[in-house]
Amino acid sequence: MPVIESRPDAAPSAEAIVSIRGVSKTYKSGFQALKRVDLDIRRGEIFALLGPNGAGKTTLISIVCGIVTGSEGNVLVDGHDIAHDFRSARSLIGLVPQELSTDAFESVWATVKFSRGLFGRAPDPAYLERVLRDLSLWEKRDAKIMTLSGGMKRRVLIAKALAHEPRVLFLDEPTAGVDVELRHDMWQMVHKLREAGVTIILTTHYIEEAEEMADRIGVISRGELIVVEEKTTLMRKLGKKQLSLQLQSPLSAIPADLADLPLELSADGQQLVYTFDTQTEETGIAPLLRRLSELGIDFKDLHSSESSLEDIFVSLVRSRA
Ligand SMILES: Nc1ncnc2c1ncn2[C@@H]1O[C@H](COP(=O)(O)OP(=O)(O)OP(=O)(O)O)[C@@H](O)[C@H]1O
Ligand SMILES: [Mg+2]
């Protein structure tokens with residue numbers, strides 16, 4: 001499987017709201033979690049960062065948010081260097097961390113209000129009320145956080161991240177362990193935020209989430225960014241289609257006459273599977289069916305399937321393992 005290397009140019013581009021250049025991270029333990037990552041996040045996009053456990057997603061987000069210091073490289077957030085101009089850069093960012101950590105004894109309202117103040121924003125109760133209502137937390141505004149369910153705590157983290165009206169929102173595994181309904185609410189909220197001009201970077205292990213939401217996808221594996229691509233392009237470039245033929249009578253082997261074709265025979269000899277690229281103009285299906293009929297191979301049924309983003313992701317990460 002070819003790996004697309006569409007790296008951004010070395011210079012920061014004007015349309016990028018976050019510009020990551022040559023970022024590496026070696027933890028004190030000596031473990032290298034990131035290897036020279038270059039990435040531009042475009043203003044107003046939804047960017048999904050995918051990768052297996054331990055790939056370096058949280059490390060990268062933590063560096064951009066100034067929580068972890070990179071060993072090499074630099075990060076600009078709307079032109080502000082996260083290391084040298086931390087306060088300006090950080091005030092543009094909202095972060096929903098992967099780990100649930102909230103002030104257990106505070107009320108929802110107090111914690112969200114505090115988060116806004118932390119960034120030097122003037123109080124705006126009407127805005128905070130909107131945020132809480134959007135997240136279905138308004139009824140719970142006076143509840144202590146420790147009395148909320150896990151899903152509600154996650155919503156509180158989102159409310160906190162939005163309290164100071166950030167221009168860039170990082171969501172690190174926003175839907176881990178939340179129910180289907182909340183997941184869909186969150187997708188809606190993300191779309192709404194994007195309409196309001198917020199740039200969104202999310203990580204997720206639910207590939208369907210990236211498939212549903214992202215404009216662009218980045219795949220990170222063992223600290224290296226191996227692919228950055230428009231979602232639709234990625235699916236078209238790396239996607240494969242399969243045509244499965246249910247045979248009238250089983251074959252013991254693929255006929256020698258068809259050896260030049262990308263065919264596979266199921267173990268029971270009942271099904272012939274033809275794999276083709278979604279990129280090529282000629283699928284080769286018509287000649288395949290003609291040649292089968294010439295060989296007297298009849299089929300009773302056929303169906304086609306297309307690889308999902310999940311299939312593509314798995315094969316990309318495997319090819320690097
Ligand atoms: N503080 C730390 N000290 C030493 N190693 C660390 C530290 N934090 C993370 N690592 C290591 O760096 C690697 C990347 O971790 P990171 O949390 O960035 O992965 P991730 O892609 O977010 O994974 P997950 O999908 O599980 O959240 C892992 O091998 C992890 O053990
Ligand atoms: Mg993580």
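This is a predicted model: local features need pLDDT of at least 70, side-chain atom pairs count only at pLDDT 80 or more; totals for chains, interfaces and linings use all residues.
1. Basis. Local features need pLDDT of at least 70 and side-chain atom pairs count only at pLDDT 80 or more, while totals for chains, interfaces and linings use all residues; side-chain values use heavy atoms, without hydrogens and water. Residues are numbered from 1 along each chain as its sequence is written, and chains are lettered from A and ligands numbered from 1 in the order in which they are written.

2. Shell of ligand 1. There are 14 residues around ligand 1, and Gly54, Lys57, Thr58, Thr59 and His205 come nearest (near: a heavy atom within 4 Å). By class the shell has five nonpolar, eight polar and one charged residue (nonpolar: Ala, Val, Leu, Ile, Met, Phe, Trp, Tyr, Cys and Pro; charged: Asp, Glu, Lys and Arg; polar: the others, Gly among them). Helix α1, residues 57-64, gives the most to this shell, with three residues (helices are DSSP runs of H or I, at least four residues, and strands runs of E, at least two, numbered from the N terminus).

3. Polar atoms at ligand 1. Oxygen atoms of the ligand lie 2.7 Å from a polar side-chain atom of lysine 57 and 2.8 Å from one of histidine 205. For tyrosine 27, a polar side-chain atom is 3.4 Å from a ligand nitrogen. The protein covers 65% of the 640 Å² of accessible area that ligand 1 has on its own (Shrake-Rupley method, 1.4 Å probe).

4. Helices α5 and α6. The axes of α5 (residues 150-162) and α6 (residues 180-195) come within 12 Å and cross at roughly 10° (axes are lines fitted to C-alpha atoms over the stretch in contact, with angles from 0 to 180 degrees between N-to-C directions). The pair is therefore roughly parallel (angles under 35 degrees). Gly151, Arg154, Arg155, Ile158 and Leu162 of α5 meet Leu182, Asp185, Met186, Met189 and Leu193 of α6 (contact: heavy atoms within 4.5 Å). Six of these residues are nonpolar, one is polar and three are charged.

5. Positive phi. Most residues other than glycine have a negative phi. Arginine 36 has a positive phi of about 40° and sits in strand β2, residues 32-42. Serine 136 has a positive phi of about 50° and lies in the loop between α4 (125-134) and α5.

Definitions and conventions
Angles under 35 degrees count as roughly parallel, over 145 as roughly antiparallel, 65 to 115 as roughly perpendicular and the rest as oblique. A polar contact is a pair of N or O atoms within 3.5 Å; within protein, one must be able to donate a hydrogen and the other to accept it, and residues adjacent in sequence count only if both atoms are side-chain atoms.
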